[in-house]
Amino acid sequence: MFKKHIIFQILYIIVGPLCPASLKRFVFYKVPPQLQGSYLSMEDYHKPDQQTVQALRNIANRLRINSIKATTAVGNGHPTSCCSVAEIMSVLFFHTMKYRPDDHKNPNNDRFILSKGHAAPVLYSVWVEIGFLKESELMSMCQVDSTLEGHPTPKQQFVDVATGSLGQGLGVACGMAYTAKYFDKSSYHVYCLLGDGEMSEGAVWEAMAFASYYQLDNLLAILDINRLGQSDPAPLQHHVEKYQRRCEAFGWHAIIVDGHSVEELCKAMSQPRHQPTAIIAKTIKGKGIPVAEDKMGWHGKVLSKDMAESVMRDIQSRILNSNKRMYPASPIEDAPPVSLRNVRMPSAPNYKPGEKIATCKAYGMAVAKLGRYNERVVAMDVDTKNFTCSEIFKNEHPNRFIECYSAEQNMVSVATGCAARERNIVFASGLATFFTRAYDQLRMAAISDSNINLCGSHCGLSDGEDGPAHMGLEDMAIFRAIPTATIFYPSDAVSTEKAVELAANTKGVCYVRTTRPETAIIYNSNEDFHVGQAKVVCQSKEDQVTVIGAGMTLHEALAAAEQLKKERIHIRVIDPFTIKPLDAKTIIDHVRSTRGRVITVEDHYYEGGLGEAVCSAIVNEPGFTFQRLAVAHVPRSGKMSDLFKIYGIDRDSIAQLVRKMLSSSANAK
Amino acid sequence: MSYHKPDEKTLQALKDIANKLRIHSIKETCASNSGHPTSCCSAAELMSVLFFHTMRYKANDPRNPSNDRFILSKGHAAPILYAAWAEAGFIKESELLNLRKIDSDLEGHPTPKLAFVDVATGSLGQGLGAACGMAYTGKYFDKASYRVYCMMGDGECSEGSVWEAMAFASYYNLDNLVAILDVNRLGQSEAAPLQHNMDTYKERCKAFGFNTYVVDGHDVEELCKALWHAEQTKGKPTAIVAKTFKGKGLKGIEDQDNWHGKPMPKDRAEELINDLLSQIQSPNKPLHPQLPNEDVALADLTPIRLLTAPEYKIGDKMSTRKAYGVALKKMGDASPRVVAMDGDTKNSTFSDIFKKAHPDRFIECFIAEQNMVSVAIGCATRDRTVSFASAFAAFFARAYDHIRMAAISQSNVNLVGSHCGVSIGEDGPSQMALEDLAMFRAIPTCTVFYPSDGVSTERAVELAANTKGICFIRTSRPDTAVIYDAGEKFEVGKAKVVRQSDKDQVTIIGAGVTLHEALAAHDQLAKEGVNIRVIDPFTIKPLDASTIVASARATGGKVITVEDHYKDGGLGEAVLSALGEEPGIVVHRLAVSCVPRSGKPQELLDMFGISAKSIVAAVRRTFAN
């Protein structure tokens, strides 16, 4: 199995460089100097001349042709969803947006997010039009060796975040626009293209409320109201005035336009903006494909070869001769340089062994401390900052804290947006269990190669009286199933501070699981911590069983060790520190030296947590005896100590299981 | 009909009850030394008027199907809900003081351990969606006169799921639904974003199609009037946007910061209570709720069985997602209680087969997965319906908080996720469910079905309809061969041994497309004289440990699992957990180990090492070792 894994690694190494983005084998056309900066500013809008208008129309039609051609060539994709946005994309990329087409990640570029990710072919067609992609590459999109996937992913330089799960783009755009306005204090704008179907997603309205609350006047949303969803018309059909009313009620300036009129689009996009602006574009799904225009049953359907050819001929005939070539305007270069490398704590943790402090509080103090010496460390929360202790960061760095209110999905999207293009090191916190609300956003963050850091407090039964609604008992399961995730589960304040520092420097999605009750400091301030390195907290030569716990249960294990010592039973106690990756080697070595006996104890459900992680790590080790303690049912309200007893994850349960394990192995002899 | 103002005595009695509810809330939270008395006090008049003037219900029979429904979406105000039922006579006043104790059902947030709670709340923004499901059921399935009232906080109006529910309620003209917004200005850690900006709340509710009234939430007369008008309004749901003060009636605490979730200090409680007592004019005037119209039949709890066996022949090719649509339609034929819903993917999940046959029992929920799950939960409360909600499996990730809460709600909702794994092909990773098994396995009340052909899919649907707790059925996009006889019997927690001989050397466990890959590997290896045993677990949770252990033993302890899912939390780990302490068993796991990509299904199965080819290689490796 390992070999197989290596084979694929090698395969990637071979195939990787073949991708067009990394080969950079294209000649990008450079923006002629005479055109740079000569673009109209928003305040002095003039109607574009007829040549420009025609050129933009021509581009729109070429985008249609390429979208149809590509989807027919590969037999897959959503040409009708591309055709409704052809004029919008043309005007955005060749008239409105300011960016360097040869330098996709330039921090000064305007940002673009295709929230309706299934229209990927039209985005790729834009980059063919610009000259970055070859038409032949477009014609092999979605194939196993192409970096042009069915929905946009950051395998392409011009994609900041993956889309394809609907309703997530605007939240990410909010994070980018917030960064531009408040952190970068720069003039780049953020453009997000949404479909009408995805307007049913609540996440869109969370983002809408966020954008107006923070007056993100550098954010423009374009709503492609093409009337038809996947299996039915979208609920509001072509009632553009209803969309307008909803947008306005959520604090946006909303302009209704004919989405196929290049002039109307140019004008609307050039209007001065004093608040977030929505362009509600009434469009026709399948525009330009006569049999499919405004018709049900064409979502995600490609045209037959013959039909495609006749349609493309027809569209081609509408492309009028125009000598005018369109160039995107260059951006204003006012985004500050940012380096997120090697972000370190200025000093060692300042805790004394035995001191009592909750890991959730240690988290707040650690992020505040990290922020003291790193201007690009930012934090956010969902109106739980007094629980997660992120308010400690807020109090110290008010300008770098974003209150996201009770909207967990949007917070994760905002975090992803803030972290895009390596502008910020982001720490977003909430109660552990409420990250379940944003699991789709987290899943997409992995596909987006995002480096966001999340902290979930109040995990497990230790939340006590509030009851099961507030107890995170499945968070490790869901974060373990994120392929790019690192899961820190620190057990004292020292290791929490180290976890925060490591998270800031670890690629991928990092999750820090913290606990509400106070626990004793067990590590020295100079203790070294690494991702994937467990600590042996308690050991002797006479150890008979290895017990692995984390957070509260590590302290229960230590208490059990004390208790058992009186009976002359010695146990080894391991703190895994990171649950993913798990330090299999340390665990296996120590379990071997306790004659293969191992117990895990966790404040989490049985499935997908610490126990199963250990199970996966030690599988196939001969002669191991493995027992697990975890929460088996939906729990209830009560004092933490009572709950730990009832659900069998307290010191007594551990001690009892150790005794049982020893007596049964004695019987076996 | 015109509105008649309640007489002065009634109004005073309602005011008195409001203050009694405040007093109870203070006492309860003082006794537990935790809880949210200030969030209770803002809603005191609202609760008084709802429970003792507006709502129709039998106070001694809270789950009566004809009762009006009440959902406390702002679940942290639980103490006032318990107080209202104490005033109504259903629970003893003395019991209130056991709030949040380990042996009391009066938990920190409401759960259905209490007869007057239909769905657990406490994760904000979920109540209105469940209320929509109840209201839809009342109006369109039960065609009954009961009404649904949902009390929300202002903080939770930031949750997108609230606006999904708002859009749903107006789209389906749920005029039997009233949303009450307790706009008390203050959230947990600071003021809610719209503070007391009542106009903005009003505009938002109106823009989302609600008949909207802005009222003084502490004026019982205004509340009586607005709720009366709500009942008269046809064709639209109503929102009562109530301006209130957090901690209303508590001197020095009302409308102040930093009182969220804090009980009254012991030394001040008595004074605060005395102050409230002094405002009560007739402490002993009891008000009784109005009784409901009894126009709802008792729930039918008889099992629902397929009327005919599956009509597939071994070797027929079809996808399990399509088999789901066919099965659901047949279940709909078998019982009028079966209802279905989808998130605008019905032509992909094939729930449209049900819709065509039973259009009156299908709810299009559009692209709002959180709300769809809430609506499904709402429809299933009080056993009014057996609901099946379908979407791409990946998008249930969107509703995971709702699914988690459904377990706490003891819901029997059935969820069906299509398009699992890399086998969907070209659409790419955003559409591929590779963490759904991990998600659903970590739901304590969940049964996870992963059928591998048309026959077993049909039986999975039948079993799900009759299985308590949450059921999840994972279906696949590609066409696969029917491998079971139409008469084959299936049970929850019972695996099938699909291939076996006396000389089997390895046990392969696969499900869905990977079971078919395993069968292909079996045939290939058989030609080389190597026999392998192939097991279809059918349900991943519970997993049939005894069949797996027996097979593993029979094949020299060699086991290979293969799954179209990430390595964490899926079939492989379920098998490891099941094998637990069994000595001498060696398990190899084939699963997707990184974020996948677009490509043709078969290419991706190869690339991510879960195809027949990979299985054959893995089998050979077990011998090499």
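Which strands of chain A does helix α5 (residues 86-96) of chain A lie across? The strands are β1, β2 (190-195), β3 and β5 of chain A, and α5(A) runs at about 175° to β2(A). The model is predicted: local features need pLDDT of at least 70, side-chain atom pairs count only at pLDDT 80 or more, and totals for chains, interfaces and linings use all residues. Residues are numbered from 1 along each chain as its sequence is written, chains are lettered from A and ligands numbered from 1 in the order in which they are written, and side-chain values use heavy atoms, with hydrogens and water left out.

**View 1. The five-stranded sheet of chain A.** This open sheet has the strand order β1-β2-β3-β5-β4, with parallel pairing. Strands are DSSP runs of E with at least two residues, helices are runs of H or I with at least four residues, and both are numbered from the N terminus. Two strands pair if DSSP finds at least two bridges between them. At the edges stand β1 (111-114) and β4 (253-258) of chain A, each with a single partner strand, so one side of each has no neighbour in the sheet. The twist averages 20° from one strand to the next. Six bridges link β3 (residues 219-225) and β5 (residues 277-282) of chain A in the parallel sense, and Ile225(A) stands opposite Lys282(A) in β5(A). Helix α11 (residues 262-270) of chain A packs on the sheet, where it touches β3, β4 and β5 of chain A, and its direction makes about 165° with that of β4(A). Contact means heavy atoms within 4.5 Å; axes are lines fitted to C-alpha atoms, for helices over the stretch in contact, and angles run from 0 to 180 degrees between N-to-C directions.

**View 2. Helices α13 and α19 of chain A.** The axes of α13 (residues 359-372) and α19 (residues 493-504) of chain A come within 8 Å and cross at roughly 45°. The two helices are therefore oblique to each other; angles under 35 degrees count as roughly parallel, over 145 as roughly antiparallel, 65 to 115 as roughly perpendicular and the rest as oblique. Their crossing is right-handed, a term for a near helix turned clockwise from the far one by less than a right angle, anticlockwise being left-handed. Among the residues of α13(A) in the contact are Tyr363(A) and Leu370(A), and those of α19(A) include Glu497(A) and Val500(A). By class, the contact has eight nonpolar, two polar and two charged residues. Here Ala, Val, Leu, Ile, Met, Phe, Trp, Tyr, Cys and Pro count as nonpolar, Asp, Glu, Lys and Arg as charged, and the others, Gly among them, as polar.

**View 3. Helices α10 and α16 of chain B.** The axes of α10 (residues 320-334) and α16 (residues 454-465) of chain B come within 8 Å, crossing at roughly 45°. α10(B) and α16(B) are therefore oblique to each other, and α10(B) passes α16(B) in a right-handed crossing. Contact residues include Tyr324(B), Leu328(B) and Met331(B) of α10(B), together with Glu458(B) and Val461(B) of α16(B). The contact has eight nonpolar, three polar and three charged residues.

**View 4. Helices α13 and α14 of chain B.** Helix α13 (residues 369-380) and helix α14 (residues 400-408) of chain B pack at an angle of about 20°, with axes 8 Å apart. α13(B) is therefore roughly parallel to α14(B). The crossing is right-handed. Gln370(B), Val373(B), Ser374(B) and Ile377(B) of α13(B) meet His402(B), Ile403(B) and Ala406(B) of α14(B). These residues divide into four nonpolar, three polar and no charged.

**View 5. The seven-stranded sheet of chain B.** The order of this open sheet is β8-β7-β9-β10-β12-β11-β17, with mixed pairing. β8 (362-364) and β17 (539-541) of chain B are at the edges, each with a single partner strand, so one side of each is left without a neighbour in the sheet. Neighbouring strands are turned by 20° against each other on average, direction ignored. Three bridges join β7 (residues 338-342) of chain B to β8(B), and these strands run parallel. Asp342(B) stands opposite Glu364(B) in β8(B).

**View 6. Backbone details in loops.** A cis peptide bond, with omega about -5°, joins Lys580(A) and Pro581(A). Pro581(A) is in the loop between β17 (578-580) and α21 (584-593) of chain A. In chain B, the peptide bond from Lys541(B) to Pro542(B) is cis, with omega near -5°. Asn620(A), not a glycine, has a positive phi of about 75°.
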